[in-house]
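Here is a tutorial dialogue on reading a structural model. The entry comes first, then the questions.

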Amino acid sequence: MLVLAVETASPVPAATLLLAGERPPSEKMESLLLGERTAELLPRRVRELLGLGGVGLGSLDRIVVATGPGSFTGIRAGVAFCRGLARALGRPVYGFGTFEAAGLAVREPPEVDFVLDAGRGEVFRAARRSGVLSGPALVGRAEALESAAGRGISVVDLGASPLPLSWALARLAARAPLEAGGLFRSPLAYGRASAAEERFGPPAEGPA
Amino acid sequence: MKLPSPPRCVLGIESSCDETSVALLGADGRVLSSVISSQIAAHRRYGGVVPEIAARAHLQNLPLLLDEALAAAGVALSDVGAVAATAGPGLVGALLVGLSEGKGIALGLGVPFVPVHHIEGHCLSPFLRLDGGPSRPVPDSFTALVVSGGHTHLYRFTAAGIDLAARTRDDAAGEAYDKVSKMAGLGYPGGPVIDRLAGSGRSGRPFTVPQLKDGSLDFSFSGLKTAVRDRLSSLGVSPATGVPGDRPALDEGDLPAGLLDLLADFQEAVVRQLEDRLTRFLAKEPVPLLTVSGGVAANSLLRERLASWGRRKGVEVLLPDRVLTSDNAAMIAFAGLRRAGRGGADGGLDAPARSRWPLESLLPC
């Protein structure tokens with residue numbers, strides 16, 4: 001199975017092409033940092049990646065993208081691009097949270113707090129306890145660090161130590177049941193409301 | 001017997017501000033379908049468009065609109081021969097949604113992607129027909145007046161390129177409508193409500209049409225806005241302070257005496273200024289065809305008066321169907337159709353989203 005994974009939510013966006021064999025189990029992959037101007041150059045980078053792997057778009061079986069939290073703009077560009085590409089190719093598109101990918105990328109220790117900068121002195125935090133991930137929640141950066149230190153729990157900051165998130169996304173998609181594809185209707189995990197909503201409340205419902 | 005395959009068509013995507021739209025056009029410019037989802041209700045509480053809310057809504061709406069547009073046109077995505085999406089000017093976060101989805105589709109289908117200038121789309125919108133017929137022929141040379149919330153610009157289109165003949169020095173005409181509406185407590189957006197109410201008033205004390213000292217044809221609407229504010233105070237209406245609200249502050253059934261006439265005076269002043277600049281432009285150079293487009297081109301008084309101006313002056317004035325005055329993907333698909341095939345086959349896939357992008361910088365088409 002050939003999977004294309006696009007991760008544009010974290011501060012170090014990247015894409016991975018994963019060829020996963022079942023019998024015998026095997027894995028071959030190519031990865032590419034998406035670099036600057038990630039959103040606008042996404043099509044070019046994906047073509048470069050396919051070139052590295054020596055495959056064409058038509059060979060892709062699945063496409064997967066990070067649904068957040070992370071960069072609002074990055075999430076949208078990645079999701080919209082992957083959705084459009086998958087639809088045109090007639091392939092399923094999967095979405096997994098940034099911290100789900102982080103959880104797979106960092107297997108040890110079983111107790112860890114993953115954090116990702118959320119701006120305004122806050123972080124998105126997902127806690128793994130006994131191997132089970134919960135969150136994400138929006139908390140103050142200082143509070144997140146103090147509370148972890150107080151409990152002797154290590155902190156993995158996705159911004160400070162870039163993780164192979166796109167590889168993890170590809171693995172999650174390769175293992176997912178076919179029917180789990182269908183990003184079109186699943187909500188995104190922006191992690192926080194827009195500044196206007198935080199100040200004035202949610203948008204009004206009603207006719208235009 | 002093999003049935004003839006359906007003609008290849010162009011998919012258009014628009015997401016530059018607060019309208020998400022998808023359209024399909026035939027190779028002859030025929031509008032096969034055009035669907036628009038407006039977010040006006042979502043932004044009303046904030047008294048204007050909130051970029052982050054707009055971008056989120058585009059992402060949510062786009063796939064549903066694509067389904068709808070394909071179904072309404074009776075075509076499959078595989079029939080699409082080119083994809084055009086608005087690349088600017090506009091809200092970058094909002095633009096990126098349509099641009100990215102459009103690029104993904106074009107890459108997946110292996111068809112050209114055409115980044116489109118939003119204002120070129122508006123300028124061309126009057127050539128589209130919604131009666132199922134092919135688009136009207138676009139001449140090499142024409143003049144285009146764009147009147148919207150962000151623009152009051154007059155452009156010359158020629159075989160040599162596009163240049164700017166006049167522009168607003170301050171507010172755009174549509175912006176003046178929104179600000180006046182807000183000051184009068186009539187809510188957001190201002191265009192439709194003022195159009196409706198002004199129709200019941202009588203313009204008796206018209207505001208002066210501003211003339212710039214340098215003799216330029218540029219427009220100006222900020223003085224008009226201030227004059228309206230002064231007149232509102234004299235009517236006992238305290239201009240709202242810009243605090244967002246879900247509901248208009250005034251009850252339309254119980255408006256202060258004189259407000260309807262004031263709104264009629266305001267509309268009259270906007271239209272007179274447009275007529276004045278067009279007349280002076282016409283005195284300098286011939287205008288065989290004028291397109292008038294943008295949100296304010298939906299205004300009843302403007303449509304009536306500029307059509308009549310054209311008849312008097314011997315200028316063919318083309319106004320878009322009202323549905324096509326607001327932001328829409330049909331005009332984007334049409335601009336894309338005309339530009340498809342220019343330059344590299346897929347150079348457009350690298351196109352950035354641009355908040356600013358002078359129309360004059362475009363190559364002739």
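**Reading chains B and A**

Q: In which element of chain B is His153(B) found?
A: Helices (H or I, at least four residues) and strands (E, at least two) are DSSP runs, numbered from the N terminus. His153(B) belongs to strand β7 of chain B, residues 152-158. This is a predicted model, in which local features need pLDDT of at least 70 and side-chain atom pairs count only at pLDDT 80 or more, while totals for chains, interfaces and linings use all residues. Residues are numbered from 1 along each chain as its sequence is written, chains are lettered from A and ligands numbered from 1 in the order in which they are written, and side-chain values use heavy atoms, with hydrogens and water left out.

Q: Is His153(B) buried or exposed?
A: Buried means under 20% relative accessible area, exposed over 50%, and partly exposed in between (1.4 Å probe, protein chains only). His153(B) has a relative accessible area of 6% and is buried.

Q: Which residues does His153(B) touch?
A: Contact means heavy atoms within 4.5 Å. Not counting residues up to four places away in sequence, His153(B) touches Ala144(B), Leu145(B), Val146(B), Leu164(B), Ala166(B), Arg167(B) and Thr168(B).

Q: Where is Ala173(B) found, and what is its relative accessibility?
A: Ala173(B) is in helix α5 of chain B, residues 173-183. Its relative accessibility is 0%, so Ala173(B) counts as buried. Leaving aside neighbours within four places in sequence, its contacts include His151(B), Thr152(B), Phe221(B) and Val296(B). The C-alpha atoms of Ala173(B) and Gly149(B) are separated by 6.5 Å, although these residues are 24 apart along the chain.

Q: How is chain B divided into domains?
A: Domain bounds come from an automatic or database domain assignment. Domain 1 of chain B covers 9-130 + 324-361, and domain 2 covers 143-320. Their C-alpha centres lie 27 Å apart. Across the two, 20 residues of domain 1 are in contact with 26 residues of domain 2.

Q: What does the secondary structure of chain A come to, and how compact is chain A?
A: Chain A has 6 helices and 9 strands. The radius of gyration is taken over C-alpha atoms, and the globule rule is 2.2 Å times the number of residues to the power 0.38. For chain A the radius is 18 Å, close to the 17 Å that the rule gives for 208 residues, so chain A is as compact as a globular protein of that length. Of its 208 residues, 49% count as buried.
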